[in-house]
Amino acid sequence: MVRKNVLLFVLVSLLIAVIPAFAQEPAEVKVWIAFTDDVRLGWAQDRAAEFNEMFPQYNVVVEGYANYEELFAATALAAEQDALPAIVQYFEVATQDARDSGYFKPIADALNGRTEVNGLPVNFDDFVGPVASYYTLDGVFTSMPWNTSSAIFFSNMTILNAAGIDTPPATWAELDAACEAIMALENAPEFCWTFPNHGWFFEQWIAQQNEALANNDNGRTERATEVTLNSAGAVALLNFLDEQVAKGYLYYSGAQGGNSWGTVDQAFSTQQVAMAAYSSSNTADYTNYGPANGYEVVASFLPYNQEVGWTGNLIGGASLWLVDGLSPEVEDGALSFLLYINTPENAATWHQVTGYIAVTNAANELLAEQGWFDENPNFRVAADQLAQSQITTATSGALLGAFPSIRNVVTQAIDTVLLTDTPVEDVLTAAQTEANTILEEYNLLNAE
Amino acid sequence: MPSVFPWVLTLIAAAVGAFILSRRCNRYQAAPLLGTVIGAAAGAVGSLVFVQPLNYCMFEPERAAVDAIFGVLLVGLGSAAFISGADFAAKLWYTRHLRASAEQKSAGYFKGWLLPFLFLAPTLIILALFLYYPSLDTFQLSTLLARLGARRTAFVCVDNFTSLVSNTQYLNSVGITLVLSAAIVFFSLAISLFIALMAFQPIKGASIYRTLLVWPYAISPAVAGAIFLLLFNPTGGIINYFLNSTIGVSVPWLNSPQAAPWVVIIASVWKSLGYNVLFYIAGLQNVPDDLREAASIDGANTVQRFFRVVFPLLSPITFFLIITNTTYAFFDTFGTIDLLTGGGPLNSTTTMMYNIYEVGIVNNDLGKAAAQSIVLFVMVIGLTIFQFRTAGQRVTYGA
């Protein structure tokens with residue numbers, strides 16, 4: 001009798017345990033991003049929580065990875081195991097890699113002409129010019145822009161004012177003259193300016209001189225098969241940097257790529273240098289270095305080569321890619337979340353807590369209404385720089401396979417130029433040969 | 001369609017194998033014909049084992065000479081391995097009577113063979129899955145052009161290997177590896193021997209000192225890198241602060257291609273001191289006192305006593321430590337280098353291991369990285385064999 005009761009009890013509890021499985025489970029939308037800090041990952045997770053409350057049929061889960069390289073490796077492995085998430089963040093120079101991988105589907109294709117998904121409106125025209133043009137491939141809006149920055153210039157105005165300079169230098173010649181004045185001061189800083197030796201800055205300074213990095217219109221009309229690293233603009237740039245190091249104005253820490261950002265943070269915040277080229281994504285931090293350490297920080301456009309003039313600057317940052325082959329509910333959920341992230345309010349708050357530009361015009365208007373830019377003039381510099389840039393082949397940015405590896409070749413070349421006496425043309429030509437070999441192998445393995 | 005050339009090589013290898021094995025059999029006055037046949041077979045199989053799976057692609061007429069030379073090298077390597085294996089097996093076989101009695105006296109604990117294998121099975125399975133199978137995979141990967149995340153791979157025969165010959169960055173890293181390893185091994189052994197001698201004195205609190213001296217062994221190479229990064233930071237580090245305030249000189253430790261390798265050497269030596277000191281103290285405890293007393297009675301001073309009595313008796317330990325420290329310097333310094341210099345200003349601290357990381361993981365070029373890791377693997381094996389043959393002769397075991 002007892003045995004029968006126990007059996008009954010077990011059966012009933014099993015049935016009860018199974019009931020939730022029959023209930024409507026929210027479709028899980030996994031989002032992989034390359035942020036692990038509280039500010040950025042936290043913001044994304046807060047938006048996911050809000051979204052989940054607004055749309056209970058979806059369950060958005062945001063996972064953070066330490067950096068882009070780890071995220072790519074994890075994505076490649078997940079693809080092999082058929083365990084891809086719904087949305088992956090790829091940074092801008094990996095756009096060609098993302099396209100070639102076959103994991104993703106263009107957002108315009110997924111939307112299929114719809115103008116709203118789950119009540120969230122679709123408005124591709126609202127994106128800021130250079131941003132839209134970067135992520136529109138073959139005329140199709142491919143990935144959702146999210147964190148977008150530009151390369152700008154931060155100046156320690158306290159030191160500059162002491163040297164009699166009222167506005168930050170706008171050209172290379174003005175920068176040189178400013179450094180001459182600053183280094184002549186009594187308690188001059190150790191060096192005058194610095195920049196992170198990251199391939200992005202090379203690309204920015206090349207684009208400013210309207211030089212394309214790759215053939216086939218920077219890889220936008222057809223697959224890029226050749227890079228040009230020894231263009232006149234590149235030679236002029238490296239000669240300028242070399243000369244600045246020789247004069248003792250430019251501080252080069254020797255760190256390359258991802259490791260170089262921290263050395264610039266340290267140098268600028270401790271007033272070891274008076275000026276630094278940096279990404280607008282850290283505008284908040286850099287502006288706060290000032291009051292924390294007793295000086296004033298002003299942001300300005302990245303200095304350009306006055307011999308050639310200023311064409312425009314590139315965007316940097318990353319976009320969110322939609323994975324191909326999702327079930328319709330998950331895909332709709334992913335699309336909705338992508339649109340939710342870039343509603344005017346969300347795009348505006350993302351800008352305010354990080355410093356990445358607000359990627360839509362509506363968000364920019366919202367911020368202007370709130371008087372945000374008047375109170376925080378440093379935050380508008382990147383947006384202004386992009387708004388005033390001419391959109392040419394060069395400033396649209398290159399679509400290049402194996403771009404991250406080619407960037408390593410570029411930073412290595414800059415390292416060689418700044419630390420040795422090898423002539424600039426020789427270094428750049430050797431780097432170009434190496435980069436072209438990498439590109440050739442990449443295309444061999446990825447082209448149709 | 002393979003040309004005649006590879007078959008010629010196989011015949012040569014078979015002939016060499018036959019010669020060596022027949023000589024071995026003659027030595028033991030055993031059947032020479034059997035030895036000749038086995039030797040020929042070993043030579044032939046060995047010559048094919050590396051080139052046959054690649055279908056003799058390196059000997060194709062449209063390939064460059066360096067590919068064919070590499071092919072000859074592979075044939076030589078394979079046949080040398082198989083012939084020396086057969087030779088060793090023959091030596092063991094013909095001297096088995098010398099070991100038979102010894103084996104019968106010390107029988108093992110396990111009577112059968114099944115139970116021992118069951119106990120070993122978990123380890124063997126894990127080794128096979130996580131060590132041997134990926135190694136085979138690496139061999140295959142080294143013949144391909146492969147990038148992480150690419151749509152396909154392309155077979156390139158031995159191009160990944162032959163391109164290393166003209167790769168200045170790679171040759172540079174080989175040189176740096178050899179120099180750094182030699183310096184690390186030498187300084188580490190010398191300093192740790194000195195410290196062990198000091199710690200071995202009958203002083204108060206000796207056991208406490210010995211425990212404290214061993215501690216650096218327990219931290220990871222990356223942590224050692226982080227510690228020395230803080231110490232040797234050119235602008236904010238303590239070392240430059242002291243140098244500045246005392247001598248007034250400020251060395252660009254991590255920014256100069258000449259100074260950066262020394263920081264890596266210092267950090268690696270410091271990290272390995274604990275391990276070496278431990279072994280040397282154990283070795284010193286095994287040096288019999290009466291030998292030292294006899295030497296001093298005979299009129300030897302401290303230095304002579306050390307170099308003539310103590311040091312030769314420490315030679316087994318020294319030999320063992322040279323091998324382990326060389327392995328440490330080749331492989332485990334990766335963490336230290338990554339944190340200290342990230343490959344160094346102008347690649348001055350990029351060892352072969354670090355180069356593999358840069359090529360394979362940073363630049364996603366898997367084929368080339370696999371080829372480099374195989375070369376490193378062969379190099380370390382070769383170094384170990386060389387050390388056994390040369391230094392192993394000079395080791396005096398037992399008092």
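B:Gln140 is partly exposed, with 14 other C-beta atoms within 10 Å. Here a residue is buried if 20 or more other C-beta atoms lie within 10 Å of its own, exposed if 12 or fewer, and partly exposed in between, with C-beta atoms placed from the backbone. B:Gln140 belongs to helix 5 (residues 114-141) of chain B. Helices (H or I, at least four residues) and strands (E, at least two) are DSSP runs, numbered from the N terminus. The C-alpha atoms of B:Gln140 and B:Leu212 are separated by 47 Å, and the two residues are 72 residues apart along the chain.

The structure is a predicted model: local features need pLDDT of at least 70, side-chain atom pairs count only at pLDDT 80 or more, and totals for chains, interfaces and linings use all residues. Residues are numbered from 1 along each chain as its sequence is written, while chains are lettered from A and ligands numbered from 1 in the order in which they are written.

Chain A has 20 helices and 15 strands. Its radius of gyration is 25 Å, close to the 22 Å that the globule rule gives for 448 residues, so chain A is as compact as a globular protein of that length. The radius is taken over C-alpha atoms, and the rule is 2.2 Å times the number of residues to the power 0.38. Along the principal axes, the C-alpha atoms of chain A fill a box of roughly 100 × 50 × 45 Å. Of the 448 residues of chain A, 51% count as buried.

An open sheet in chain A has five strands in the order 12-11-13-10-14, with mixed pairing. Two strands pair if DSSP finds at least two bridges between them. Strand 12 (250-251) and strand 14 (297-301) of chain A stand at the edges, each with a single partner strand, so one side of each is left without a neighbour in the sheet. Strand 11 (residues 193-194) and strand 12 of chain A pair in the parallel sense over two bridges. A:Leu250 in strand 12 of chain A is the bridge partner of A:Trp193. Helix 12 (residues 260-269) of chain A lies across strand 10 (151-156), strand 11, strand 12 and strand 13 (275-279) of chain A. This helix runs at about 140 degrees to strand 13 of chain A.

The largest nonpolar core has 211 residues. Such a core is a set of buried Ala, Val, Leu, Ile, Met, Phe, Trp, Tyr and Cys residues joined through C-beta atoms within 7 Å. A:Trp193 and A:Ala276 have the most contacts inside this core. Helix 11 (residues 260-285) of chain B gives the most to the core, with eleven residues. Axes are lines fitted to C-alpha atoms, for helices over the stretch in contact, and angles run from 0 to 180 degrees between N-to-C directions. B:Phe330, B:Phe331, B:Phe334 and B:Ile337 in helix 14 meet B:Met353, B:Tyr354 and B:Tyr357 in helix 15.

Conventions:
Contact = placed C-beta atoms within 7 Å.
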